[in-house]
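The sequence and the structure come first.

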Amino acid sequence: GEGVVVHYVTAGIHAPPLNDDDASGVPDYIEEAARAGDKALPVYSDLGFNLPAHDAGGPDHRPDIYVAGLEGGLLGFAWPPLSACGGAFVVVSSQLDQETGVVIGSLQATVAHELFHIVQFAYFPDGLAPRWINEGVASLMELIAIPDVTDLSTINHIDLWLERPWLPLFDERFSCERCYGGVLWWLYLYDLDYKIVPGLYTKLGGDFAKGRPSRLGLA
């Protein structure tokens, strides 16, 4: 893509679907992942977030997305720059849904979500930011960057969040399952003023740079 590099293999358990319906020489799955990344990054920049720092991994400075066979229902993950060779990177499952509309486990939404974690690492190079903030905001950004997809994985997290309204927004227990459903809170703030959330990251990142990590980020 223009803004991301997608890495894949063509054989073995990590290979994605290899159909190439447009006869471009690249599997459609890989092209769709690249398009999602190219679509998401400019949105994040336009909203006022710092873009990912240039890395020394892969062929150039663009963020790297690796397609791999992931187990346990994992859709994807991002690795922070301070514990990665050459810089932060993203891994997404090789078996996600490429369609738009209502799907479960969207390729486009997962790429957008995980790439936003790379954006977050520009503020927290060790990745140790408040997880309830990071996952909730990444879920918000996937909704904004990929508006033509409704991922039922996200909707299910919202339903879980609504089932227990007595738990605080910042509850990170139970594998942080509540963190994702908190997207409703971040959507509310975004609708009030889209500058609120980038401003929050500027503040939290500034505290981190001064050696005062924010822990839960409540202040």
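In this predicted model, the axes of α3 and helix α6 (residues 183-192) come within 8 Å of each other and cross at roughly 65 degrees. The crossing in which α3 passes α6 is right-handed. On the α3 side the contact is made by W132, I133, G136, V137, S139, L140, L143 and I144, and on the α6 side by V183, W186, L187 and Y190. By class, the residues of this contact are 10 nonpolar and two polar, with no charged residue.

**Packing around α5**

Helix α3 (residues 131-145) also packs on helix α5 (residues 173-181), at an angle of about 45 degrees and with the axes 7 Å apart. Angles from 65 to 115 degrees count as roughly perpendicular, under 35 as roughly parallel and over 145 as roughly antiparallel, the rest being oblique; α3 and α5 are therefore oblique to each other. Here too the crossing is right-handed, with α3 passing α5. The α3 residues R131, W132, E135, G136 and S139 meet S175, C176, C179 and Y180 of α5. This contact of α3 with α5 comprises four nonpolar, three polar and two charged residues.

From α4, the residues H157, I158, L160 and W161 meet E177, R178, Y180 and G181 of α5. Four nonpolar, two polar and two charged residues make up the contact of α4 with α5.

| Helix pair | Axis separation | Crossing angle |
|---|---|---|
| α3 and α6 | within 8 Å | roughly 65 degrees |
| α3 and α5 | 7 Å | about 45 degrees |

Which residues of α5 are buried? They are C176, R178, C179, Y180 and G181. The buried residues of α5 pack against α2, α3, α4 and α6.

S175 is also found in helix α5, but S175 counts as exposed, because its relative accessibility is 64%. The phi of S175 is near 60 degrees, a positive value in a residue other than glycine. Most residues other than glycine have a negative phi.

**Aromatic pairs**

The structure holds 13 aromatic pairs. One of them is formed by F77 and W79, which is edge-to-face with 6.3 Å centre to centre and 75 degrees between the planes. F77 counts as partly exposed at 26% relative accessibility, and W79 is partly exposed with a relative accessible area of 37%. The rings of F124 and Y201 form another pair, with centres 6.4 Å apart and planes at 70 degrees, so this pair is edge-to-face as well. F124 lies in the loop between α2 (107-121) and α3, and Y201 lies in helix α7 (residues 196-209), so the pair ties together parts that are 77 residues apart in sequence.

Are F124 and Y201 buried or exposed? F124 is buried, with a relative accessible area of 2%. Y201 is buried, with a relative accessible area of 1%. F124 and Y201 also belong to a cluster in which ring pairs link Y44, F49, F116, Y123, F124, Y201 and F208.

**Two loop residues**

A23 lies in the loop between β1 (5-7) and α1. Although A23 is not a glycine, it has a positive phi of about 55 degrees. With a relative accessible area of 66%, A23 is exposed.

A56 is placed in the loop between α1 (28-46) and β2 (64-68). A56 is exposed, with a relative accessible area of 70%. Its C-alpha atom is separated by 25 Å from that of Y29, a residue 27 positions away along the chain.

Methods:
Residues are numbered from 1 along each chain as its sequence is written. This is a predicted model: local features need pLDDT of at least 70, side-chain atom pairs count only at pLDDT 80 or more; totals for chains, interfaces and linings use all residues. Side-chain values use heavy atoms; hydrogens and water are left out. Axes are lines fitted to C-alpha atoms, for helices over the stretch in contact, and angles run from 0 to 180 degrees between N-to-C directions. Helices (H or I, at least four residues) and strands (E, at least two) are DSSP runs, numbered from the N terminus. A crossing is left-handed if the near helix is turned anticlockwise from the far one by less than a right angle, and right-handed if clockwise. Contact means heavy atoms within 4.5 Å. Ala, Val, Leu, Ile, Met, Phe, Trp, Tyr, Cys and Pro count as nonpolar, Asp, Glu, Lys and Arg as charged, and the others, Gly among them, as polar. Rings of Phe, Tyr and Trp (its six-membered ring) pair if their centres lie within 6.5 Å; planes under 30 degrees apart count as stacked, over 60 as edge-to-face and the rest as tilted. Buried means under 20% relative accessible area, exposed over 50%, partly exposed in between (1.4 Å probe, protein chains only).
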